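Here is a short report on one protein chain. Keep the sequence and the 3D view open as you read.

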Amino acid sequence: MDITNASTTTDSSSSSGAAAAPAPLTLALVVASDREGRFAPVVTDWFRSRLAEREDFTVTVVDLAEIDLPTSLSHDPSPAVRAELAKVSPVLEAADAYVVVTPEYNHSFPASLKNLIDRHYTEWQAKPVGFVSYGGISGGLRAVEQLRQVYAEMHAVTVRDTVSFHHAHGLFDADGRHKDPAAAEGAAKALLDQLGWWGRALKDAKSVRPYGA
């Protein structure tokens with residue numbers, strides 16, 4: 001698991017008595033693919049470069065290729081499974097918002113991601129989720145549409161705008177740089193603006209009244 005601070009909290013107060021800037025939201029960036037030869041690192045690194053320009057988020061990356069969770073669920077997991085969950089569950093609990101980076105496999109999303117979602121419940125509740133998807137002609141959007149239904153069951157709020165990469169392998173050069181980034185950068189800004197609004201609105205609401213599922 002890789003932890004990166006994408007922002008530095010600054011104090012905007014001045015001699016005129018201006019209020020300090022709000023603390024950044026804690027964002028968990030979930031990398032869904034654990035497939036051998038995956039393209040996920042290219043897309044993830046690009047999106048992290050967008051986050052690095054923001055001051056309203058701090059970021060923790062949850063890479064499911066680094067988490068060894070069996071697909072069999074249990075209410076009494078073994079010590080080995082508990083140790084793996086200890087790598088990720090506190091991160092999900094502490095997050096104010098999430099972005100999921102997902103490919104599309106056979107018109108759906110990876111089993112590794114469903115496994116992660118199903119092993120948690122209260123961690124997701126009353127928090128916003130955004131999506132960065134990639135794939136062939138659909139750009140991973142069919143995976144995202146299914147994920148919206150799953151996250152609704154988790155009492156999470158999915159933001160409308162996404163970042164999607166159609167025929168993703170052809171969009172980036174050998175160094176992982178997007179060849180024509182203007183549209184993708186605009187989409188990333190829209191996604192993060194919405195995520196920030198929902199993240200702060202839900203956080204403020206829960207500080208007044210606990211969420212009741």
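## Arg-119 and its contacts

Start with Arg-119. Beyond its neighbours within four places in sequence, Arg-119 is in contact with Leu-69, Pro-70, Thr-71, Ser-72, Leu-73, Val-81 and Leu-85. Arg-119 sits in the loop between H3 and strand S5, which covers residues 128-135. Is Arg-119 buried or exposed? Its relative accessibility is 17%, so Arg-119 counts as buried.

Now look across to Glu-53. In sequence, Arg-119 and Glu-53 are 66 residues apart. In space, their C-alpha atoms are 32 Å apart.

The chain has a mean pLDDT of 92. A pLDDT of 70 or more is reached by 91% of its residues. Residues 3-15 are another matter: the pLDDT there is below 50. This stretch still has 31 contacts in the model, beyond near neighbours in sequence. Take care here. Where pLDDT is low, predicted coordinates should not be read in detail.

Strand S2 runs over residues 25-31, and Leu-25 is in it. Leu-25 has a relative accessible area of 0%, so it is buried. Which residues does Leu-25 contact, leaving aside its neighbours within four places in sequence? They are Asp-56, Phe-57, Thr-58, Asp-96, Leu-195, Gly-196, Gly-199, Arg-200 and Lys-203. Glu-36 is 11 residues from Leu-25 along the chain, yet their C-alpha atoms are separated by 32 Å.

Val-30 also lies in strand S2. Val-30 is buried, with a relative accessible area of 0%. Not counting residues up to four places away in sequence, Val-30 touches Val-62, Leu-64, Leu-92, Val-99, Val-100, Val-101, Leu-113 and Leu-116. Thr-60 is 30 residues from Val-30 in sequence, but the C-alpha atoms of the two are 8.5 Å apart.

## Helices H3 and H4

Helix H3 covers residues 111-118, and helix H4 covers residues 141-153. Their axes come within 11 Å and cross at roughly 10 degrees. Angles under 35 degrees count as roughly parallel, so H3 is roughly parallel to H4.

Which residues make the contact? From H3 come Leu-113, Lys-114 and Ile-117. From H4 come Leu-147, Val-150 and Tyr-151. Five residues of this contact are nonpolar, none is polar and one is charged.

## Helix H5

Helix H5 has 27 residues, 182-208.

The buried residues of H5 are Ala-184, Ala-188, Leu-191, Leu-192, Leu-195, Gly-196, Gly-199 and Leu-202. Keep the helix geometry in mind. An α-helix has 3.6 residues a turn, so residues three or four places apart point the same way. Leu-195, Gly-196 and Gly-199 are also among the contacts of Leu-25.

## Two histidines with positive phi

Most residues other than glycine have a negative phi. His-107 has a positive phi, near 70 degrees. His-107 is in the loop between strand S4 (97-103) and H3. With 45% relative accessibility, His-107 counts as partly exposed.

His-167 also has a positive phi, about 50 degrees. His-167 is in the loop between strand S7 (163-166) and H5. His-167 counts as exposed, because its relative accessibility is 52%.

Methods
Residues are numbered from 1 along each chain as its sequence is written. This is a predicted model: local features need pLDDT of at least 70, side-chain atom pairs count only at pLDDT 80 or more; totals for chains, interfaces and linings use all residues. Side-chain values use heavy atoms; hydrogens and water are left out. Axes are lines fitted to C-alpha atoms, for helices over the stretch in contact, and angles run from 0 to 180 degrees between N-to-C directions. Helices (H or I, at least four residues) and strands (E, at least two) are DSSP runs, numbered from the N terminus. Angles under 35 degrees count as roughly parallel, over 145 as roughly antiparallel, 65 to 115 as roughly perpendicular and the rest as oblique. Contact means heavy atoms within 4.5 Å. Ala, Val, Leu, Ile, Met, Phe, Trp, Tyr, Cys and Pro count as nonpolar, Asp, Glu, Lys and Arg as charged, and the others, Gly among them, as polar. The expected span of a helix is 1.5 Å times one less than its number of residues. Buried means under 20% relative accessible area, exposed over 50%, partly exposed in between (1.4 Å probe, protein chains only). pLDDT is the predictor's confidence in each residue, from 0 to 100.
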